[in-house]
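Hi,

Here is the structure I promised to pass on. Have a look at it first, and my notes follow below.

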Amino acid sequence: MKKMLCLVLALCMLPLFGLADSKDILNTESELPIVTEPITLSIFGRQGGTHAEWSTMDFFKAYQEMTGITLDFQQAPFQGYAESKALMFASPDGYPDMLVAPALTGAEIIKYGEDEVLIPLEDLLKEYAPHYTALMEKYPDVEGRITSPDGHIYALAAIIAVNAARTSKIWCNTAWLEANGLAVPATFEELENALRVFKTYDANGNGEADEIPMAAASFGEYLTTMAGMFGLQYQFGQRMNLSEDGKTLNSWLTDDRFKELLQWTKAMYDEGLIDGDMFTQERTKYVAKMGGGVLGIFFNQADDAFDSTNYIGIAPFSGKSEKIYVQSGPVARDMGTFAITCDCEYPEAAIRWIDYLFSDEGSYLMRYGIEGKTWTRDADGYPVYVDGILDNPNGSGPTIAQFTIWPGGGSPQYLNDHNCIAVTSPTTQAAQTALDPYMDYLLYAEPLFDADTNDRLMILANDINTYADSCAAKMIRGEMSFDEWDTYCKTLEDMGLAEWVSIYQERLDTYQD
Amino acid sequence: MSTVSPRPVRPGSRKIRKAFAHWQLLLLLVIPLAWYIIFCYTPMFGVQLAFKNYKTKLGIWGSPWADPLFKHFARYFSSYYAWSTIWNTLAINLGCLAIGFPAPILLALLLNEIDSLRFRKILQNITYVPYFLSIVVVVSMLRLFCDERYGVFNTILQTFGMKAIPFMESETYFRPLYVISNVWQNMGWNAIIYIAALAGVDPALYEAATMDGASRIQKIIHVSIPCILPTIVTMFILRIGQLMTIGFEKAYLMQNSLNIGKSEIISTLVYKNGIQKGDYSYATAVGLMNSVVNLILIVTANTVCRRALDESLW
Amino acid sequence: MTTISSKRRSGHIQESHGDRIFQIVVLVISVVLMAIVAYPLYFTVIASFSKPEDVLLGKVVVWPRSFSLESYKMVIGESSIWMGYGNTIVYTVLGTLVNLVLTIMIAYPLSCRETPCRGILTFVASFTMLFSGGLIPTYLLVRQLGMYNTIWAMLLPSGIGTYNMLVMKNFFQSSIPGELKEAACLDGCSDLQTLFRVVLPLSGSILAVMVLFYAVGHWNAYFNALIYLKDRSRMPLQVILREILLQNQELAQGDGTGLYEKMMAAETMKYAIIIVASVPVICLYPFVQKHFVKGVMVGAIKG
């Protein structure tokens, strides 16, 4: 009987010991190593298309030694990642301890947060994450963006404190311009003219018309860049404009300016000036086109995927709208880049693990790899890559992806003016400068909604976006006439466009109070 | 056919002993039955997910019931696309049924009329080959052949002075492409069963018809077709039962943002919401609705065929 | 059973004028049909053996141009394809074996009159053809059984094809003479001995057909692998094919300079990949062919 009692007591104590343990192992003397005795944490995340195996990356190898935390790698490949992620959450046999670069969507953060799969981080942040907390104070929008309606923070966002990393640049082939005696196009008229010249210009001299005057990775990216030139904004990350007084939202899917944009695009498409592949192509194909130098004017965030010798970043084209906007992501650009699951026995160690990466030195490790091997310090003490990385013929992104995880996006990282040389090559910086004048307006970031709203929003957004995109594509390709514009607007209204806007409007109203 | 040897009627108590006499048969059954219970029937209990709010941590049984119970079904029908996905599923299937069902029958009848044995064998074997290709391969062939710029179909069109057609990037061509490639892939294979049935027709019937002065077309109509009718009906009922179960793989692989209006079918929707977005309850609800419609269809088809043609599955 | 050749009718003697026209029409239709069915296959073959540039420029339509093995050389260098090949062979061989054993184990007892509750059991099996739990419950089950990311997930969930099982059961019932079984019984054979000594030796054709059905299924399956497997090193050929053929995956790790040219070359490499991936399974067919008519017909037709 006594034995039994002891056993029961012992069993009761187990969780308590567990809790005590998880803090006791923390190293309180210094920042690193994080733990005083070795522990293992399993991590799950998205292994980018160009990434080496995570376990072989310098960043992870070095960081495991520095922290004393061994990692059990359970990352999933880029292809079919959405499936892997959903299936990981459905796994009845336990979750990995930490999610690192898991590309969680807002809906997932809320759903799995409310399901208690992801643990709330706000208290842990206060106590164990000085660097991230400091950044949240420095960039006040971050907290609002990562806090869910129930007041908890279930996932951390990357902090991108560099404008150039949040916009899509407009790249123009200067070699083609020069060869044809053209100036850099600044207005739509000049743009059309340049595109028509590019169309007939055989740059590589192979006798084939394989040069593409204008291209975008996808129709969505095309719209993001072009819409601003027609005076359209992406408030809350959606296709909505804010009224002059900043009080009301309107969807511009039924706006005449959007119609005008589509009509212009159709005219260009009919002349063969815009790459029709943008409706269907895989991103890899677009990357190949950029690298192949067959594009005249195209959109991309940075020049890391192509040789930018003959390209410059240019300003948006004027002539269609008085007000021109450049869309940009918020400081907390990538949501859901880090989370801890309920199965993690050492949440304190895990939060310290991620927090260090948001310090200056930690961010150097994360973005540059091992000092002396892949980077050195310049005169000011800021990191620069060694030779053979940014100028690597394989492209800088794929080269860097051999030793650290940030290329491909969505990783928990802190980007500031000093540690972002890879995305802000002088050319990219210059391209950003061209956009800066158009970024000075109030832009709300995509917020987090509660689960019920998300359920409704998912249906609405899916219907509206699918329908709008497919109609837009059909109108551009001539499969649908612009005479049917009214029917198109009517259908969108029937789908609940007003309700969709009102969900965001409500959020906006709470901000105003 | 084997004959049934007469056995004396035994009292009920001996039934058990009789069963034990064949314990080896029962033993054989144990593992497969366990398989059926584990892999087919256990998941059926999982359909309760459709009426629950699935919480990963609580599992299927522990998750709370949805409130209202039909919440996920209501969500589905609140979507503007609900009916269009149902119609797309049906339309593709009706297309496959209208063209894909008679095609193998006609092929079998055609093969049956070819006098040269060698030629018949060659044709028969060539029509089998596509069946062995995987869906991934067939869809990639479609994409390669139908490419607007480099595809061979457009090359051929252009040599005849016609404009290149973006087959894969258009809603108009999605269904025809789907149906035709399906027929191309399965016609030969599905014909096997009819070929076998035709081979089983008593030659005396044809000879009698010849004596009566019937032409070959008349022999097809009056001898061949009636003889394979039972097979046709059986296959037809089975096919009706699959009206809503169009394999998701092909539609999913052929799908792109330009043909989504026609290519979004129930199963791709289930896949995207369930497996990709992790909305398990919703996906299960949509899938369940699909299964129930199927069940109704096959039972109806069976009943109708039994009444009208006196042929049925059960 | 009548064979195909015995069915050939002696109608020639008094073939009428109309019948001769009919025969010509039949031949014409057959030739056209053959051309339509065979052309895509034929084109894939000639495109794979032609110079990639010529294929892209649309110069290859009827005949191969400038014979070249360039595409095949590229395929051979693609290590992931061979890895997938290896996995697929393992899954196909083991999977077919599992299928065959399980299917016999249930089809045989269900075909025997002596089995108690035969009708109910048959219904239990057949019902699964009409209604299933669906994708998600099945997936959760596989996870729960701990088969996720193991070879078992590739073998067990597809353990029995109910339709195939019913075909085999019908075959046992209709083409194994009951007298033989009874004779074996009188000789003192147990049910198992009857199965192994009498029934299976007489069932060569149906077994061959089942091997074909199941093996083709395993060879071409990709969906289960996609959701039940995680490690790339375990992925079967079809998953790799999907990446390469439909998602241009291999381009991600290209070198930046010749990427565009490489992408164009990869387009034609696809024809060679299709050939390489499909030939083995097509080759299976001739071995089984002679059993085919017998196996399928007897098994599948009622009565």
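Let me begin with two of the chains. Chain C puts 85 residues into its contact with chain B, which contributes 80 residues (two residues are in contact if their C-beta atoms, placed from the backbone, lie within 7 Å). On the chain C side, helix α1 (residues 17-48) gives the most, with 14 residues; helices are DSSP runs of H or I with at least four residues, numbered from the N terminus. That side of chain C has 52 nonpolar, 22 polar and eleven charged residues (Ala, Val, Leu, Ile, Met, Phe, Trp, Tyr, Cys and Pro count as nonpolar, Asp, Glu, Lys and Arg as charged, and the others, Gly among them, as polar).

A word on the source: this is a predicted model, where local features need pLDDT of at least 70 and side-chain atom pairs count only at pLDDT 80 or more, while totals for chains, interfaces and linings use all residues. Residues are numbered from 1 along each chain as its sequence is written, and chains are lettered from A and ligands numbered from 1 in the order in which they are written.

Within chain B, the axes of helix α12 (residues 216-240) and helix α16 (residues 280-309) come within 8 Å and cross at roughly 155° (axes are lines fitted to C-alpha atoms over the stretch in contact, with angles from 0 to 180 degrees between N-to-C directions). That makes α12(B) roughly antiparallel to α16(B), the term for angles over 145 degrees. From α12(B), the contact uses B:V233, B:I237 and B:I240, and the residues from α16(B) include B:L297 and B:N302. The residues of this contact divide into eight nonpolar, one polar and no charged.

Best wishes

How values were computed: Helix = DSSP H or I, 4+ residues; strand = E, 2+ residues; numbered from the N terminus. Parallel < 35°, antiparallel > 145°, perpendicular 65-115°, else oblique.
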